[in-house]
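Biologist: I have a structure open in the viewer. Please show me how to read it, feature by feature.

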Amino acid sequence: MQRDQPRTPVLMDLLLRGLRIGASTVAIVELLRSDWLGGGLSSLAWVVFFQVERRRAAAEQLEP
């Protein structure tokens with residue numbers, strides 16, 4: 001018998017997407033307010049969340 005590997009929980013995908021949208025929104029607002037440090041850090045958070053989401057999607061495609 002072959003065990004099924006657990007799929008990525010839908011809740012985790014939804015949470016990650018929410019964090020990515022939130023980080024991009026905060027980045028735009030902070031940059032419009034000319035808060036360069038806050039905008040830069042929020043932009044960095046957005047990039048990190050985006051990369052995590054891409055790597056998770058690529059890992060799911062490699063699974064048999």
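Modeller: We will go from the overall fold to single contacts. Keep in mind that this is a predicted model.

Biologist: How many helices and strands are in the chain?

Modeller: Start with secondary structure. The chain has 2 helices and 0 strands. Helix α1 covers residues 10-32. Helix α2 covers residues 36-62.

Biologist: What share of the residues in the chain is buried?

Modeller: Buried residues account for 12% of the 64 residues. The accessible surface of the chain is about 5700 Å². Carbon and sulfur atoms own 65% of that surface.

Biologist: How do I decide on a single residue? Take Ile-28: is it buried or exposed?

Modeller: Compare its relative accessible area with the cut-offs: under 20% is buried, over 50% is exposed. Ile-28 has 52%, so it counts as exposed. Ile-28 sits in helix α1.

Biologist: Now the loop. Where does Ser-34 lie?

Modeller: Ser-34 lies in the loop between α1 and α2. Phi of Ser-34 is near 65°, a positive value in a residue other than glycine. Ser-34 is partly exposed, because its relative accessibility is 46%.

Biologist: How many salt bridges does a search of the whole structure find?

Modeller: The search finds 4 salt bridges. The cut-off is 4 Å between the side-chain nitrogen and the carboxyl oxygen. Arg-17 and Glu-53 form one, with their closest N and O atoms 3.9 Å apart. That pair links distant parts of the chain: Arg-17 is in helix α1, Glu-53 is in helix α2, and they are 36 residues apart.

Biologist: What other residue forms a salt bridge with Glu-53?

Modeller: Arg-20 does, at 2.6 Å from N to O. Arg-20 lies in helix α1 and Glu-53 in helix α2, so this pair ties together parts that are 33 residues apart in sequence.

Biologist: How far apart are the closest N and O atoms of Arg-33 and Glu-30?

Modeller: They are 3.3 Å apart, and the pair is a salt bridge. Arg-33 is exposed because its relative accessible area is 59%. Glu-30 is buried, with 14%.

Biologist: Last feature. How is a pair of aromatic rings described?

Modeller: By the distance of the centres and the angle of the planes. The count here is 1 aromatic pair. Trp-46 and Phe-50 form it, 5.3 Å centre to centre with 15° between the planes. The pair is stacked. Both residues lie in helix α2, 4 residues apart, about one turn of the helix. Trp-46 is partly exposed at 32%, and Phe-50 is partly exposed at 30%.

Key:
Residues numbered from 1 in each chain as written. Predicted model: local features only at pLDDT ≥ 70, side-chain atom pairs only at ≥ 80, totals over all residues. Heavy atoms only, no water. Buried < 20%, exposed > 50% of the residue type's maximum accessible area, 1.4 Å probe, protein only. Phe/Tyr/Trp six-rings, centres within 6.5 Å; stacked < 30°, edge-to-face > 60°. Areas by Shrake-Rupley, 256 points an atom, 1.4 Å probe, with all protein chains shown as cover.
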